[in-house]
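User: I am new to this structure and would like to learn how to read its features. Could we proceed one feature at a time?

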Amino acid sequence: MSVKTRVPCPRCGTATAFSPSNRWRPFCSERCKMIDLGDWASERYRVPVESVVADDEELEPK
Ligand SMILES: [Zn+2]
């Protein structure tokens, strides 16, 4: 029995085995998965920056 399902890696498009043995599915590798996670993580990190600056101002004694 060798049913191979292949999906294109969402990151680089490489045909990737979509099976329990591929722990990075649907990505082709850990690297592609990390890059993809990093992308949306950095998108999210942009949002709280302004609130961090506001907190810092409150800490300044006047
Ligand atoms: Zn890839």
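User: How should I read the surroundings of Arg11: how many C-beta neighbours lie inside 10 Å?

Analyst: The general idea is to count neighbours: a residue is buried with 20 or more other C-beta atoms within 10 Å and exposed with 12 or fewer. In this predicted model, Arg11 has 19 C-beta neighbours inside 10 Å, so Arg11 counts as partly exposed. Arg11 is placed in the loop between β1 (6–8) and β2.

User: Which residues does Arg11 touch, leaving aside those up to four places away in sequence?

Analyst: Beyond that sequence range, Arg11 touches Phe27, Cys32, Ile35 and Asp36.

User: What kind of peptide bond joins Arg25 and Pro26?

Analyst: As a general idea, most peptide bonds are trans. Here, the bond joining Arg25 and Pro26 is cis, with omega about 0 degrees. Pro26 belongs to the loop between β2 (15–17) and α1.

User: Where is Met34 placed, and is Met34 buried or partly exposed?

Analyst: Met34 is in helix α1, which covers residues 30–45. Because Met34 has 14 other C-beta atoms within 10 Å, Met34 is partly exposed. Met34 and Trp24 are ten residues apart in sequence, and their C-alpha atoms are 9.5 Å apart in space.

User: What pattern does the protein chain follow along the sequence?

Analyst: The protein chain has two helices and two strands, and its pattern reads β-β-α-α. Of its 62 residues, 5% count as buried. Among contacts between residues at least 6 apart in sequence, 8% join residues at least 24 apart.

Conventions. Residues are numbered from 1 along each chain as its sequence is written. This is a predicted model: local features need pLDDT of at least 70, side-chain atom pairs count only at pLDDT 80 or more; totals for chains, interfaces and linings use all residues. Helices (H or I, at least four residues) and strands (E, at least two) are DSSP runs, numbered from the N terminus. Two residues are in contact if their C-beta atoms, placed from the backbone, lie within 7 Å.
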